[in-house]
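Subject: The two-chain model for you to look at

Hi there,

Here is the structure I promised to pass on. Could you open it alongside this email and tell me whether you read it as I do?

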Amino acid sequence: MNPEPKANESGRAEEMKLLKRLQAGDERAFDTLYSRHMPPVYRYALRMTGSQSDADDVVQELFLELIRSARGYDPERGELRSYLYGLARRLILRRLPAEAPANDDTPEPAVEDDPFERLDLEQRLELVRTAVASLPAGYREVVVLCDLEEMSYADAAVTMGCAVGTVRSRLHRARAMLLSRMERWKCRTA
Amino acid sequence: MQDGMKGNPEESLRRALAEFAVQTGSGAASGGVRQALRREVRARAHRRWALASLAAAAALAAVVFGVSTRWAQPVRPSSPRTIAREGRAPGSSTAPAPPQGLESGGRTASAAVPSPAASALHRARPGPASVSHEPAAIGDWRKGETVLSPWYYNTALPPSARSVLVRSEVDARTAMRFGVLSAGDTAPVEILFGEDGLPRAMRFVRHLPTQRN
């Protein structure tokens, strides 16, 4: 018998108890839930928005909703973490400027040279930061979730509300876009 | 220092992304966010405490009010004005017999014989037309009471194996229809109720003043 589902169930039951205590005004329950879930949510928001104040706002709104009602959270359907990612995504997308839908048919030019060649760590980090921030939101979030947050494709699909295949294809294309943009910028700066 | 990476561009990208993830992985929301959220949690606890206190106070006030108003009321008999005794009717096919031992009283008055009209009436009528429920001095009835009329059986109902005798009063007009004259506004009666709560029989009684020896 697989013990993992049981562990998941007990974990969900424990989180549900914490959530109820939080909604009853228990500060210790708040501390536990905040220290457990704030860092990933904050990181996700920061990487998506690129702004610390926006990330702060997302965290605050998200926990306020958790304290007040946590409507829509059903422990039978999934973990609190997934619910929080979904909620954070909604709050983040509300903050991002509206953009034209990406044209998926346009092929990205193949990159043969390593864009990171002869770059030091700081330059590489800056290049990645700029490239990720320049991606359309739909591609950025798949890179943030899968490559930066190291979420599984299945969990990312749940968070994004799409099929696993969509996550895969978007990730593939997002990486190609990143490489192509980095190559261009590197040529320009060179 | 040039810390370049040579090789497959996709592999380089993966490594660069991992570096970026590590570099940006230690962020946390500002302390102000935590404090604001803590204040909200505290306020929520305070609101719940206030609501619970209010509910408890309201419940206490209701209990105090209920107790004080109940104490203020005069003590009334729990049963409006009737006494009930349970009796078992012997195996009569059409009507229950009056319970034994209830005719504690005395003699049957000769005037108690109902008129022919009343005799005809008692078979069709399920019971007295109106029964008053004013409190009565039940205890006084037992002393010197006299059976004034025979039992008027309600033949429209099936006989009941068990019955309850209830003492009550009917108004004088109703008594008149049974051929019983009453000096006052009401006439005392005994009503036999079946176990289904429906009246099976009724008779008039007369309360005579206790004779002094």
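The predictor gives the complex an ipTM of 0.76 and a pTM of 0.55. Chain B has a mean pLDDT of 67, with 56% of its residues at 70 or more. In residues 1–5 of chain B the pLDDT is below 50, and that stretch has 14 contacts in the model beyond near neighbours in sequence. Residues 74–84 of chain B also stay under 50, and here the model has 15 contacts beyond four places in sequence. Where pLDDT is low, the predicted coordinates should not be read in detail.

Now the two chains. Chain A has 8 helices and 0 strands, and 34% of its 190 residues count as buried. Of the contacts in chain A between residues at least 6 apart in sequence, 66% join residues at least 24 apart. Chain B has 5 helices and 7 strands, in the order α-α-β-α-β-α-β-β-β-α-β-β along the sequence. There, 23% of the 213 residues count as buried. For chain B, 77% of the contacts between residues at least 6 apart in sequence join residues at least 24 apart.

Next, the contact between them. It takes 38 residues from chain A and 34 residues from chain B. On the chain A side, α2, α3 (52–68), α5 (121–134), α6 (137–148) and α8 (164–189) each supply at least two residues. The largest share of that side, 9 residues, comes from α2(A). By class, the side of chain A that touches chain B has 23 nonpolar, 2 polar and 13 charged residues.

Which residues touch the most other members of the largest nonpolar core? They are A:A45, A:V59, A:L62 and A:A88, in a core of 56 residues. This core draws on both chains: α2, α3, α4 (80–95), α5, α6 and α8 of chain A give two or more residues each, as do α1 (9–23) and α2 (31–72) of chain B. The most comes from α2(A), with 10 residues.

Helix α2 of chain A deserves a look of its own. This helix spans residues 27–49 and bends by about 40 degrees at A:M38, with a proline, A:P39, following within four residues. Just after α2(A), A:G50 takes a positive phi of about 75 degrees.

A:E150 has a positive phi of about 55 degrees, although A:E150 is not a glycine. Most residues other than glycine have a negative phi, and most peptide bonds are trans. A:E150 is found in the loop between α6 and α7 (153–160) of chain A. Is A:E150 buried or exposed? A:E150 counts as exposed because it has 11 C-beta neighbours inside 10 Å, and the cut-off for exposed is 12 or fewer.

Finally, the strands of chain B. Strand β7 (residues 199–207) is mostly covered, with 8 of its 9 residues buried. Two strands pair with β7(B). One is β4 (residues 152–153), antiparallel to β7(B) over 2 bridges; here B:Y152 stands opposite B:M202. The hairpin of β6(B) and β7(B) has 4 residues between the strands, and in it B:G197 takes a positive phi near 90 degrees.

I would be glad to hear what you make of it.

Best wishes

Definitions and conventions: Residues are numbered from 1 along each chain as its sequence is written. Chains are lettered from A and ligands numbered from 1 in the order in which they are written. This is a predicted model: local features need pLDDT of at least 70, side-chain atom pairs count only at pLDDT 80 or more; totals for chains, interfaces and linings use all residues. A residue is buried if 20 or more other C-beta atoms lie within 10 Å of its own, exposed if 12 or fewer, and partly exposed in between; C-beta atoms are placed from the backbone. Two residues are in contact if their C-beta atoms, placed from the backbone, lie within 7 Å. Two strands pair if DSSP finds at least two bridges between them. The bend at a residue is the angle between axes fitted to the seven residues ending there and the seven starting there. Ala, Val, Leu, Ile, Met, Phe, Trp, Tyr, Cys and Pro count as nonpolar, Asp, Glu, Lys and Arg as charged, and the others, Gly among them, as polar. A nonpolar core is a set of buried Ala, Val, Leu, Ile, Met, Phe, Trp, Tyr and Cys residues joined through C-beta atoms within 7 Å. pLDDT is the predictor's confidence in each residue, from 0 to 100.
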